[in-house]
Amino acid sequence: MSNISRRQFFGSTAAVAAVGLTGAAHAADLCSIPKKWDHTVDVIIVGAGGAGLAAAITALEKGAKVAILEKLGMPGGNTMVSGGGMNGAIVEEAKKAGIEDSPKLHTEQTLAAGDFRADPALVAQYAEKMPETVEWFRKLGVTFTPIYQIYGGLWPRCRNPQGQKGYAYVEAMLKRLKELKGEVLTNHKVTAFIRENPSEGRVLGVEVEVKGKKEYWRATKGVVATAGGYAYNAEMCAYFDPRLTKLSTTNQPGATGEVLVAMQDIGALAIGLDYIQCIPGTAPGYKSKGNLIQVIEYSIFVNKEGKRFVAEDSRRDVIRDATLAQTGQTVYPLTDSVGFAADNKFQGETNKKALADGTLFEAQTLDELAGKIGVPAAELKKTIAEYNKTVDTKKDPLGRAPRMLAHKIEKAPFYAGPIGMARHHTMGGVKIDVKARVLDRHGKVIPGLYAAGEVTGGIHGTNRVGGNALGDAFTYGRIAGESAATGA
């Protein structure tokens, strides 16, 4: 692997060539201490998405003077564009829903779903603190839907905020930030971390690009990296998984990975960079997609041959690989009027737009639906009949869980639309400990450097459970903010 500077690696917010990820060759010039600091605060937050806002609020509440540096023109990051689903094993809520659940079960399922490649201590802390994170948002004014099982979630412990999906979290946190006199400095792009020496000593601050000029920001207590992952960066993702080159992405343009590379430049240990998750997105040749997968118990997937090909409640990596193996890498989530009504509680605007765009289809009969999506009608009707039988027997030859075989597809109108796979979440990133301190390649803490959210690795393993990302970002964002403010 050739070594190039991080500036060469990342030329803009668009995807660029992903090489030089070990990046030590230019560490000396990247990390030189400036003769003069332009600004000095206690804590610098790099990135104003969900993890960054949670970190900033917590640090401010601990009495720290905080600077929040965001490279884009507005705060929110991927949290802003997310569906808002957030897992959390709250025993009382589970009992009300007739479900057994606990943080221990959440931990066990998360570790197993990631093929036991995640850090058990990080996962356990995340699961144990999720009820606290949910309550934290309630105190910020967020109200939630009843719990359900989200696509790829593996267990009914997900809830969504009432309101505009992920924006509801951002709105609540920005309101609290304003109360604390905090401010997000937009169009402030962090271009390097400044350490006492290229690969040792304390992280002192960051180099920032503002209106084409460099500024040097000092952090007397700590720098918290919360800049997100790299799923927007097609070439960086394809470096690890070439199948992903031409796929679309669910990410906002800031998710390009240069902050991750900058931390590697000063010796941070990066793990799991080839663990890249995809979820259903716009199919090749289409301009939008319907979303019939939010409440997966109501839907099935069929391919262009009109057949089911995967258990729809499987892990996201299983569904990704199965979908990419289908004809044209295009498949069709399908449901009836009951499932459509359930899905619209979460995705009504998305589905309305897709119906208008001609990328989601409504039909009064399965024959009509088959014609609209271009699959053999006889095979599609056979598939639906066989699936409805599994609802009666609670035995699915593809392995769908009995609890997910609760609703037949039988009440017109019927709905289906094409989807493909889209780059969604990068599970790899810098290694942190339970205090959100970044570790170096020798497993030692890099003093003064903390991280949270998708820029980190070790919490999801090979496969992220649906509904776990936001909770991870918020929970470890709060931990990182407290650790930085208190010098933990």
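Start by selecting D241, R243, R320 and D321, which a network of salt bridges links. A salt bridge here is a side-chain nitrogen of Lys or Arg within 4 Å of a carboxyl oxygen of Asp or Glu. By this rule the count comes to 24 salt bridges.

The model is predicted, so local features need pLDDT of at least 70 and side-chain atom pairs count only at pLDDT 80 or more, while totals for chains, interfaces and linings use all residues. Residues are numbered from 1 along each chain as its sequence is written, and side-chain values use heavy atoms, with hydrogens and water left out.

**R315 and its partners**

Next, select R315 together with D115. The two form a salt bridge whose closest N and O atoms are 3.0 Å apart. This pair links distant parts of the chain, 200 residues apart: D115 is in the loop between α6 (103-113) and α7 (120-139), and R315 is in the loop between β12 (300-302) and α11 (316-324). Helices (H or I, at least four residues) and strands (E, at least two) are DSSP runs, numbered from the N terminus.

For accessibility, buried means under 20% relative accessible area, exposed over 50%, and partly exposed in between (1.4 Å probe, protein chains only). R315 is buried, at 17%, and D317 is buried, at 13%. D115 has 39% relative accessibility and therefore counts as partly exposed.

**Helix α15**

Move to residues 469-486, helix α15. Its 18 residues should span 26 Å at 1.5 Å a residue, and the end C-alpha atoms are 26 Å apart, which agrees. The expected span is 1.5 Å times one less than the number of residues. Of the 18 residues of α15, 16 are buried, so the helix is largely enclosed by the rest of the structure. G487 follows α15 and has a positive phi, near 75°.

Within α15, pick R478 and then E132. Their side chains meet in a salt bridge (3.4 Å, N to O). The pair joins distant parts of the chain, with E132 in helix α7 and R478 in helix α15, 346 residues apart. Is each partner buried or exposed, or in between? R478 is buried, with a relative accessible area of 16%, whereas E132, at 40%, counts as partly exposed.

**α3 against α15**

To see the contact (heavy atoms within 4.5 Å), show G50, A51, A54, A55, T58 and A59 of α3 with A473, F474, G477, R478, G481, E482 and A485 of α15.

**S102**

Finish at S102, in the loop between α5 (91-96) and α6. S102 is partly exposed, with a relative accessible area of 23%. Not counting residues up to four places away in sequence, S102 touches A89 and V91.
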